[in-house]
Amino acid sequence: MSPTVRAFLKSSLAWLAIGVTLGVAMAAHPVWTIYRLAHVHMMLLGFVAMMIFGVAYHVVPAFSGFPLHRPTAARVHWWLANFGLATMASGFVLRVHAPAAGTILLAAGGSLSAAGAYLFVYLIWRTIDGPAHLRAGAHRARTAMDNRRPGRQPLPLATSSRGTPPAA
């Protein structure tokens, strides 16, 4: 597992702990429900999205058969996502007490988080497509498999003594 994948998974768990703690605080002190937007974003962008990012950075290269496009950019994504979410959550909390300052933080954090999400889309898209030189080789291999020599057929399915396939 790459250091970037580990970083996303660990930050996901950290955001889960912070979000659950705020959720428990809101349950214990109902007046704190004014911070529910911060709680929701911690859980969805922090826990869920970070977990998805980490798993995708680990699994998509293996499934696509191509290496992750620009691993350094994935590390930049981690910083954008985490710093953006921390700024956004702070903005949600501050906006309750100082609306102008909170809105500025919220807009800055949201912009950073969005930039990270767009970077993720780009990286995963390019990973699925693969580098041009590897993509051409993969296409040749698929074509070779599809155009087998005449007379070569795949092995037939196992059949029962009556000539029909066995029941599953």
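Thr87 counts as buried because its relative accessibility is 10%; buried means under 20% relative accessible area, exposed over 50% and partly exposed in between, with a 1.4 Å probe and protein chains only. Show its surroundings: not counting residues up to four places away in sequence, Thr87 touches Leu105, Ala108 and Gly109, contact meaning heavy atoms within 4.5 Å.

Before going on, note that this is a predicted model, in which local features need pLDDT of at least 70, side-chain atom pairs count only at pLDDT 80 or more, and totals for chains, interfaces and linings use all residues. Residues are numbered from 1 along each chain as its sequence is written, and side-chain values use heavy atoms, with hydrogens and water left out.

Stay on helix H3 and select Leu94, which is found there. Its relative accessible area is 30%, so Leu94 is partly exposed. Leaving aside neighbours within four places in sequence, Leu94 is in contact with Pro99, Ala101, Gly102 and Leu105.

Next, go to Arg70, in the loop between H2 and H3. Its relative accessibility is 53%, so Arg70 counts as exposed. Check the backbone here: phi of Arg70 is near 55 degrees, a positive value in a residue other than glycine. Most residues other than glycine have a negative phi.

Now colour helix H1 (residues 3-28) and helix H2 (residues 36-64). How are they arranged? They pack at an angle of about 160 degrees, with their axes 8 Å apart; axes are lines fitted to C-alpha atoms, for helices over the stretch in contact, and angles run from 0 to 180 degrees between N-to-C directions. H1 and H2 are therefore roughly antiparallel to each other, the label for angles over 145 degrees, while under 35 counts as roughly parallel, 65 to 115 as roughly perpendicular and the rest as oblique. In the contact of H1 with H2, the residues divide into 19 nonpolar, eight polar and one charged. Here Ala, Val, Leu, Ile, Met, Phe, Trp, Tyr, Cys and Pro count as nonpolar, Asp, Glu, Lys and Arg as charged, and the others, Gly among them, as polar.

On H1, select Ser12. Ser12 counts as buried because its relative accessibility is 0%. Beyond its neighbours within four places in sequence, Ser12 is in contact with Gly46, Phe47, Met50 and Met51.

Move along to Phe8. With neighbours within four places in sequence left aside, Phe8 is in contact with Met50, Phe53, Gly54, Tyr57, Ala74, His77, Trp78 and Ala81. Phe8, Phe53 and Tyr57 have the most contacts inside the largest nonpolar core, which has 29 residues. Such a core is a set of buried Ala, Val, Leu, Ile, Met, Phe, Trp, Tyr and Cys residues joined through side-chain atoms within 4.5 Å. H1, H2, helix H3 (71-97) and helix H4 (99-129) are the elements that give two or more residues to this core.

Finally, zoom out to the whole protein chain. Its secondary structure comes to five helices and zero strands. Buried residues make up 31% of its 168 residues. Of the contacts in the chain with a separation of 6 or more, 70% are accounted for by residues 24 or more positions apart.

Note on methods: Helices (H or I, at least four residues) and strands (E, at least two) are DSSP runs, numbered from the N terminus.
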